[in-house]
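Visitor: I am new to this structure. Please walk me through it with a few questions and answers.

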Amino acid sequence: MDSKVRAVLFDVDGTLADTERDGHRPAFNAAFQELGLDWEWDVDLYGKLLEITGGKERILHFMEHHVPEELNRSELGEWIARLHKIKTRHYVGMLESGGIPLRPGVARLIRHLRDRNIKIAIATTTTPENVTALLKSTLGEDSPGWFDVIGAGDIVPGKKPAPDIYHWVLDQLKLPAEQCIAVEDSENGLRASLAAGLDTVVTVNGYTRFQDFTGAKLVLSDLGEPTKPFSVLEGEAGVANGINGSGWVDVDLMLKLKG
Ligand code: XBP
Ligand code: MG
């Protein structure tokens with residue numbers, strides 16, 4: 001084991017799997033329908049709503065801007081929490097039926113890091129149940145136990161782009177940021193990881209491709225597989241370290257990023 005990279009901290013939504021457009025979004029819509037609301041989040045609107053991380057926070061933001069007359073419900077916070085619980089049930093159901101696969105290179109990298117005795121952790125704003133359901137449905141029943149730390153949801157006061165969840169996970173790992181690497185997919189996520197002092201690899205998706213990734217070590221199409229390499233989209237570190245072609249993310253590449 002090389003002390004330069006002791007742990008890799010993974011974001012979940014958009015990073016481990018493409019969960020937003022065809023996972024969370026229809027789950028929100030199903031919850032709205034179940035409560036008799038005529039709200040419908042289409043693909044474009046949802047892309048804009050993703051600026052707000054966290055499902056409950058996203059619902060409140062939508063209400064403030066699109067249906068402000070609904071804000072005078074009594075016990076609004078509890079009502080949103082109930083609506084969000086319904087959304088989580090729909091989303092977890094989708095995962096349990098095997099509806100959402102991991103992105104290219106994710107399973108390979110997780111297994112590779114375990115083989116090399118490098119710690120793995122999760123740092124996400126999503127609800128904890130969503131994380132375990134995704135891991136179990138894609139990597140197997142015991143896979144949540146592979147992670148040294150799972151930091152998710154409301155355990156910290158500030159969701160991304162606040163660095164709180166990364167600070168919390170680093171505290172639990174008892175490791176300094178300098179010995180870790182974060183993997184993210186979005187500008188909000190990158191702002192959070194950078195503010196916690198983490199070198200960050202970004203793998204983009206349809207919603208995040210044109211966001212601002214200033215400060216990322218490397219911006220890639222995906223984590224890559226030997227049979228289907230990534231393409232490098234941005235990142236001076238990539239060019240400086242000879243990663244300007246294509247390949248797949250592994251420990252050797254992460255060590256190159258650490259310089
Ligand atoms: C992900 C999110 C999450 C999901 C929904 O952000 O913002 O809110 O969209 O999950 P990141 P919940 O990938 O930056 O962590 O509805 O469970 O909050
Ligand atoms: Mg994300």
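Visitor: How many Å separate the centres of domain 1 and domain 2?
Guide: This is a predicted model. The assignment gives domain 1 as 7–18 + 102–258 and domain 2 as 20–97. Taken over C-alpha atoms, their centres are separated by 26 Å.

Visitor: Which residues of domain 1 lose the most area to domain 2?
Guide: The two domains bury about 1300 Å² between them, with 52% of it on carbon and sulfur atoms. On the domain 1 side, three residues together make up 41% of what is buried. They are Asn 130, Lys 159 and Tyr 207.

Visitor: How many residues of domain 2 are in contact with domain 1?
Guide: Contact here means heavy atoms within 4.5 Å. Domain 1 brings 15 residues to the contact, and domain 2 brings 19.

Visitor: What is the N to O distance in the salt bridge of Asp 154 and Lys 56?
Guide: Between domain 1 and domain 2 the count is 2 salt bridges. The side chains of Asp 154 and Lys 56 meet in a salt bridge, and its N to O distance is 2.9 Å.

Visitor: Which helix gives the largest share of the side of domain 1 that touches domain 2?
Guide: There are 7 residue pairs in polar contact between the domains, both residues at pLDDT 80 or more. The domain 1 side divides into 3 nonpolar, 6 polar and 6 charged residues. Its largest share is 5 residues, and they come from helix H6, residues 128–139.

Visitor: What is omega for the cis peptide bond that joins Lys 160 and Pro 161?
Guide: Pro 161 lies in the loop between strand S3 (149–152) and helix H7 (164–173). The bond joining Lys 160 to Pro 161 is cis, with omega about 15°.

Visitor: What is the positive phi of Asn 117?
Guide: Asn 117 is found in the loop between helix H5 (106–115) and strand S2 (119–124). Although Asn 117 is not a glycine, its phi is positive, about 60°.

Key. Residues numbered from 1 in each chain as written. Chains lettered and ligands numbered in written order. Predicted model: local features only at pLDDT ≥ 70, side-chain atom pairs only at ≥ 80, totals over all residues. Heavy atoms only, no water. Domains from an automatic or database assignment. Buried area = accessible area lost by both parts, 1.4 Å probe. Salt bridge = Lys/Arg side-chain N within 4 Å of Asp/Glu carboxyl O. Polar contact = N/O pair within 3.5 Å; in protein donor to acceptor, adjacent residues only side chain to side chain. Helix = DSSP H or I, 4+ residues; strand = E, 2+ residues; numbered from the N terminus. Nonpolar A, V, L, I, M, F, W, Y, C, P; charged D, E, K, R; others polar.
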